[in-house]
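Try each task before you read its solution.

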Amino acid sequence: MATMTDNSAAPSTNETPAVVLSVRNLSTSFRTDRGVVNAVSDVSFDLHRGESVGLVGESGCGKSVTSKSIMRLLPDHITRYGTESQIRLDGENLLSYSEKQMRVLRGDRIAMIFQEPMTALNPVFTIGWQLDEALKYHTKLNRRQRKARVIELLDMVEIPNPDRRYQEYPHQLSGGMRQRVVIAMALACEPEILIADEPATALDVTIQAQILRLMKNLQERSGTAILLITHDLGVVAQTCDRVVVMYAGQVVEQASVRDLFHNPAHPYSKALLESIPQSGRKEKGKRLATIDGIVPSLLDMPKACRFADRCDYRQDLCTTDLPQVTDDGNGRSVRCHYPVGQSSSTGSGS
Ligand SMILES: Nc1ncnc2c1ncn2[C@@H]1O[C@H](COP(=O)(O)OP(=O)(O)O)[C@@H](O)[C@H]1O
Ligand SMILES: [Mg+2]
């Protein structure tokens, strides 16, 4: 199947693939000793079939909390979701699901990969055993069929000698190989949605590139929608169709990768882009450089624009009123009183 990107030279298409996941007004807070931490505030975005969406922003801005809210992996006793919050999968709101219902979904229709592969692997069981368990839980395959499928999956994620690897324990594999196993496990049941939270960040740069290419290839074959969480805009440029930019728990901009890189509308997006050396070039340490100023505390958010203190374009309104999200109806939205003009260019080679 061809990639469903819309960031090629073609003009915007009318036939957008179906929405598979719809996050609406997601607010997630935690009760802590220090008070209520509002980690995610009023976040909305869609994921369409077969597309890759990058979720970016500095550390602590709420990316992982957003993904764990979708997977319902946050500690129930301290986590609260806003009353308006919805996470819709085929029209059903996952926030109203029981843990039992979620368990059926997880790894079946929605799979997740974390930064550290050992989060998903059990050190005391062989690779083969663990993949077999996943298939046992989610499919009706018999023992022989499962074994064949496991070998096939290991082969698919380009693990050499899958027959031998089958019998090995996680510690016998390198970090990159372990993450491949986790990807195999995530893809075992052909999920509609794959959420990858910094899947390659812990790996060295060449292995990172391999892992991301692998995910992309597998996606092109399966049509799985990917939500790729990363702080690395270079990764987004190389692997995603669209991008959702978060700042201090809110989505500040959504755009196609092309629009965001060539014409960022939110001053924060612009600052992020300017903080990477040369987009499109793979360099070590190409991370989001920090932007001057500090992020407001999640315990006490200003009612105004959360980025105002650090913003080069700040005007009076920005320090008094919370900007609402404006949407151009073409998949582009921004939460800013004074979006950056159309003439700006980041100089990113295309
Ligand atoms: N279980 C928790 N209890 C309290 N605060 C939390 C919890 N999990 C995350 N947070 C806070 O929520 C904010 C967003 O965190 P996170 O989503 O992990 O950021 P990132 O964008 O780096 O993934 C951070 O300030 C973090 O400290
Ligand atoms: Mg995170």
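**Exercise 1.** Which residues in α3 meet which residues in α4?

*Solution.* Keep in mind that this is a predicted model.
- Start by finding the two helices: α3 covers residues 127-138 and α4 covers residues 143-156.
- On the α3 side, pick out Ile127, Gly128, Leu131, Asp132, Leu135 and Lys136. Their partners in α4 are Arg146, Arg149, Val150 and Leu154.
- Now sort them by class: the contact has five nonpolar, one polar and four charged residues.

**Exercise 2.** Work out how α3 and α4 are oriented relative to each other.

*Solution.* 
- The axes are 9 Å apart, and the helices pack at an angle of about 115 degrees.
- Angles of 65 to 115 degrees count as roughly perpendicular, so α3 and α4 are roughly perpendicular to each other.
- As for handedness, α3 passes α4 in a right-handed crossing.

**Exercise 3.** Is Ser333 buried or exposed? Say where Ser333 sits and what surrounds it.

*Solution.* 
- Ser333 belongs to strand β13, residues 333-335.
- Its relative accessibility is 6%. Buried means under 20%, so Ser333 counts as buried.
- Skip the neighbours within four places in sequence, and Ser333 still touches Val252, Glu253 and Gln254, along with Val325, Thr326 and Asp327.

**Exercise 4.** Is Ile294 buried or exposed? Find its contacts too.

*Solution.* 
- Look in the loop between α10 (267-274) and β12 (325-327); that's where Ile294 is.
- The relative accessible area of Ile294 is 73%. Exposed means over 50%, so Ile294 is exposed.
- Beyond four places in sequence, Ile294 is in contact with Tyr247 and Arg310.
- Check Arg310 with a distance: Ile294 and Arg310 are 16 residues apart in sequence, and their C-alpha atoms are 7.3 Å apart.

**Exercise 5.** Which stretches have pLDDT under 50, and how does the rest of the confidence picture look?

*Solution.* 
- Begin with the averages: the protein has a mean pLDDT of 87, and 89% of the residues score at least 70.
- Next, pLDDT stays under 50 over residues 1-12, a stretch with 18 contacts beyond four places in sequence in the model.
- Residues 279-288 are also below 50, with 30 contacts beyond near neighbours in sequence.

**Exercise 6.** Sum up the overall fold in numbers.

*Solution.* 
- Count the elements: ten helices and 13 strands.
- Of the 350 residues, 51% count as buried.
- Among contacts with a separation of 6 or more, 66% come from residues 24 or more positions apart.

Conventions. Residues are numbered from 1 along each chain as its sequence is written. Chains are lettered from A and ligands numbered from 1 in the order in which they are written. This is a predicted model: local features need pLDDT of at least 70, side-chain atom pairs count only at pLDDT 80 or more; totals for chains, interfaces and linings use all residues. Side-chain values use heavy atoms; hydrogens and water are left out. pLDDT is the predictor's confidence in each residue, from 0 to 100. Contact means heavy atoms within 4.5 Å. Helices (H or I, at least four residues) and strands (E, at least two) are DSSP runs, numbered from the N terminus. Buried means under 20% relative accessible area, exposed over 50%, partly exposed in between (1.4 Å probe, protein chains only). Axes are lines fitted to C-alpha atoms, for helices over the stretch in contact, and angles run from 0 to 180 degrees between N-to-C directions. Angles under 35 degrees count as roughly parallel, over 145 as roughly antiparallel, 65 to 115 as roughly perpendicular and the rest as oblique. A crossing is left-handed if the near helix is turned anticlockwise from the far one by less than a right angle, and right-handed if clockwise. Ala, Val, Leu, Ile, Met, Phe, Trp, Tyr, Cys and Pro count as nonpolar, Asp, Glu, Lys and Arg as charged, and the others, Gly among them, as polar.
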